[in-house]
Amino acid sequence: MASAPSKHYTDDISLLVVTLDTNPFFWSTFSFHFSDFLSQVLAFLNSILLLGQLNQVVVIATGCNSCSYIYDSSSDRNHASTNGTMPALYSNLLHNLDEFAAKDQQLTTDHKPATVPSSLLSGALSMALCYIQRAFRAGPMHPQPRILCLHGSTDGPEQYVAIMNAIFSAQHSSVPVDSCYIGSNNSAFLQQASYITGGIYYRPPQLEGLFQYLSTVFATDLHSREYLRLPKSLGVDFRASCFCHKQTIDMGYVCSVCLSIFCEHHDKCSTCSSVFGQAQSDVASADSRKRKAS
Amino acid sequence: MNNIAGRPLNGDVEDDDEDEANDDGLEAWERAYTEDRSWESLQEDESGLLRPIDTTAVHHAQYRRRLRALASNAATARIQKGLIRYLYIVVDLSKAASERDFRPSRMAVIAKQVESFIREFFDQNPLSHVGLVTTKDGVANCLTDLGGSPESHIKALMGKLECSGDASLQNALELVHSNLNQIPSYGHREVLILYSALSTCDPGDIMETIQKCKKSKIRCSVIGLAAEMFICKHLCQETGGTYSVALDESHFKELILEHSPPPPAIAEYATANLIKMGFPQRAAEGSVAICTCHEEAKTGGGYTCPRCKVRVCELPTECRICGLTLISSPHLARSYHHLFPIVPFAEISPSSQNDPSHNFTNTCFGCQQSLLSQGNKPELSVSCPKCKQQFCLDCDIYIHESLHNCPGCESFRHSKSVTSSQ
């Protein structure tokens with residue numbers, strides 16, 4: 001006699017982990033209000049839970065100083081009762097989001113006024129992947145996991161290595177990373193993430209209709225996506241940026257020891273201090289001779 | 001000699017040292033099961049099917065031991081790794097490789113594991129090259145040249161799996177030595193020999209060949225499938241490689257996959273150099289061009305060489321027209337975690353978790369799993385020394401082996417340590 005959940009498990013049950021950008025520096029200068037954005041996202045999350053009885057939704061808030069889980073549909077810590085004015089999902093999520101925003105604000109220190117600090121996308125992606133690994137460990141019957149990044153802040157170049165590590169780990173575990181980017185210019189990190197992991201990158205042209213874009217492009221589970229005509233990637237910029245000027249280059253020089261990228265020929269690598277063109281033992285003996293002479 | 005009743009037959013007291021502790025009158029085979037009753041730990045799940053024995057505790061303990069051993073070796077020094085590797089895999093196709101002690105035969109196991117090793121190798125070392133050499137009938141042949149695409153090597157290997165004759169270690173080393181002399185000076189030269197025979201049929205003095213390889217700075221490692229041989233051990237000791245002998249199929253798989261991450265590099269072995277590389281853009285969908293790898297017209301996605309503007313189909317590759325190495329920035333980024341490893345997490349014993357001064361939350365920071373077992377007793381967990389967040393053991397394994405990011409350090413802006421200048 002099979003247990004009840006295994007009888008209902010089909011291949012279109014999904015686990016959706018959403019990383020929600022709550023960076024206050026971005027939202028305060030953006031033309032679309034966070035409350036309108038959040039109401040459309042909450043309706044979308046409710047619709048995911050309605051599509052299948054066994055679907056799961058997890059929301060991680062990406063702040064500018066910290067990241068944290070704010071909602072888990074399969075957790076038993078959710079309040080079952082509501083105060084009657086809104087569904088249980090809304091009240092749980094908003095309650096946790098308020099707590100998170102207050103804590104995040106306390107951690108703010110002064111930043112350079114010219115730049116808008118970026119959100120900690122690498123932290124949110126790492127937490128999402130750990131949660132998905134836990135879902136894989138649960139047994140042979142598990143939902144198909146995927147990650148959706150609702151993001152608007154610009155890319156922080158200091159997070160490049162961490163985001164790439166997360167992307168490769170997602171690719172290795174076959175977890176697609178979808179991105180719905182609402183900022184002004186396209187985000188190179190999210191485009192690369194979606195390209196490498198096999199997800200969808202989409203920048204909605206009109207934010208008033210965000211719910212429509214979310215439910216037509218991002219709501220379908222992985223199994224049914226092959227039957228749909230989804231937005232194609234327009235072109236991913238894979239060019240690297242050089243370490244000395246931070247400009248994108250299409251031809252450059254790479255240090256063979258530490259793989260740093262330079263746009264012009266140097267004598268010494270600024271990252272690992274290896275001298276180019278000479279065997280390392282010659283360099284060491286030249287230094288020690290200099291030291292002995294002085 | 002005893003009978004079942006336990007009385008010595010010939011009354012000799014000196015024979016008693018062979019029969020230890022059989023006062024309870026059990027046969028020797030019964031004694032083996034007094035402690036180990038493995039059938040009693042089997043369980044059934046709700047549908048009546050047998051549940052496999054829980055090996056997670058053993059797995060965790062093994063993992064923690066391995067991590068402690070690695071940490072004590074590496075200490076805190078940033079050990080340089082050889083990231084641009086030129087590796088030759090020498091496969092022994094002598095008569096000994098058709099033995100059936102590995103199921104279905106040693107040759108089949110070797111072929112399957114070499115295939116998965118090549119894929120894993122290019123995954124972890126995208127800038128490196130691999131070549132295949134086989135040895136049989138006393139000679140060594142070069143099966144494929146040093147190349148960067150896994151499919152061509154795998155296809156060539158699967159076509160040539162007949163075993164015969166004797167293996168020749170010296171001929172293989174001579175062939176590899178002459179081929180590896182032609183590679184650029186910034187590359188690290190390595191050989192991995194998969195040896196099933198117990199003898200070698202050499203035309204000259206193998207000690208001279210070993211000294212030649214040592215002088216050319218070639219790092220030779222051997223994985224034996226039969227038994228330990230002195231000459232293999234000597235070769236590995238002289239050149240700085242590792243020698244191991246596989247006990248069974250899964251042990252062989254573990255041993256061969258240990259060679260995929262880059263080994264610690266000895267700085268004098270390769271000169272540092274600036275390599276000119278191109279970062280092509282992906283062509284727009286709908287553009288038509290003749291690609292240089294297949295020499296036919298193709299539409300859609302492909303890459304344009306920035307120097308000579310021809311189309312190539314996949315990366316990483318070398319442009320066939322102008323010789324420029326073409327890669328994309330994710331390929332370089334795949335190797336960054338070797339250069340910026342994360343620190344091993346520190347164990348927290350269950351007893352210190354109840355200590356209120358340490359402020360433990362009892363849920364794993366990564367996956368939100370409760371760290372209390374049934375009965376609200378804290379289980380073994382780990383914490384990151386930098387951000388002090390608590391993680392469960394499964395997240396610990398995942399973070400160190402696959403993710404290479406600590407979620408705690410990445411999620412708190414002001415505890416981030418500077419890892420790169422980008």
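What is the relative accessible area of B:Glu115?

Modeller: The relative accessible area of B:Glu115 is 24%, and the residue therefore counts as partly exposed, a class that lies between buried (under 20% relative accessible area) and exposed (over 50%), with a 1.4 Å probe and protein chains only. Please keep in mind that this is a predicted model, in which local features need pLDDT of at least 70 and side-chain atom pairs count only at pLDDT 80 or more, while totals for chains, interfaces and linings use all residues. Residues are numbered from 1 along each chain as its sequence is written, chains are lettered from A and ligands numbered from 1 in the order in which they are written, and side-chain values use heavy atoms, with hydrogens and water left out.

The side chain of B:Glu115 meets that of B:Arg119 in a salt bridge, at 3.2 Å from N to O; the term stands for a side-chain nitrogen of Lys or Arg within 4 Å of a carboxyl oxygen of Asp or Glu. The two residues are 4 residues apart in helix α3 (residues 106–124) of chain B, which means that about one helical turn separates them. Helices (H or I, at least four residues) and strands (E, at least two) are DSSP runs, numbered from the N terminus. Side chains of opposite charge can pair when their charged atoms come close.

In the loop between β3 and α3 of chain B lies B:Pro104, and a cis peptide bond, with omega about -10°, joins B:Arg103 to B:Pro104. Another cis peptide bond joins B:Leu315 and B:Pro316, with omega about -5°. Most residues other than glycine have a negative phi, and most peptide bonds are trans. B:Lys217, although it is not a glycine, has a positive phi of about 60°, and its place is in the loop between α6 and β7 (218–224) of chain B.

B:Lys214 forms a salt bridge with B:Glu238, where the closest N and O atoms are 3.4 Å apart; because B:Lys214 lies in helix α6 (residues 206–215) and B:Glu238 in helix α7 (residues 230–239) of chain B, the pair ties together parts that are 24 residues apart in sequence. B:Lys214, at 37% relative accessible area, is partly exposed, and B:Glu238, at 24%, counts as partly exposed too.

Over all chains, a search of the whole structure finds 11 salt bridges. In chain A, a network of salt bridges links A:Arg146, A:Asp178 and A:Arg225. Across the interface of chain B and chain A the rule finds 1 salt bridge, and in it A:Arg137 and B:Asp394 have their closest N and O atoms 3.4 Å apart. For the side of chain B that touches chain A, α11(B) gives the largest share, 6 residues.

The contact, meaning heavy atoms within 4.5 Å, takes 64 residues from chain B and 71 residues from chain A. The two chains bury about 6000 Å² between them, 58% of it on carbon and sulfur atoms; buried area is the accessible area (1.4 Å probe) that two parts lose on being put together, summed over both. Strands also meet here: 5 bridges join strand β9 (residues 251–255) of chain A to β9(B), and the two run antiparallel, where pairing requires that DSSP finds at least two bridges between the strands. Within β9(B), B:Gly278 is the bridge partner of A:Met251.
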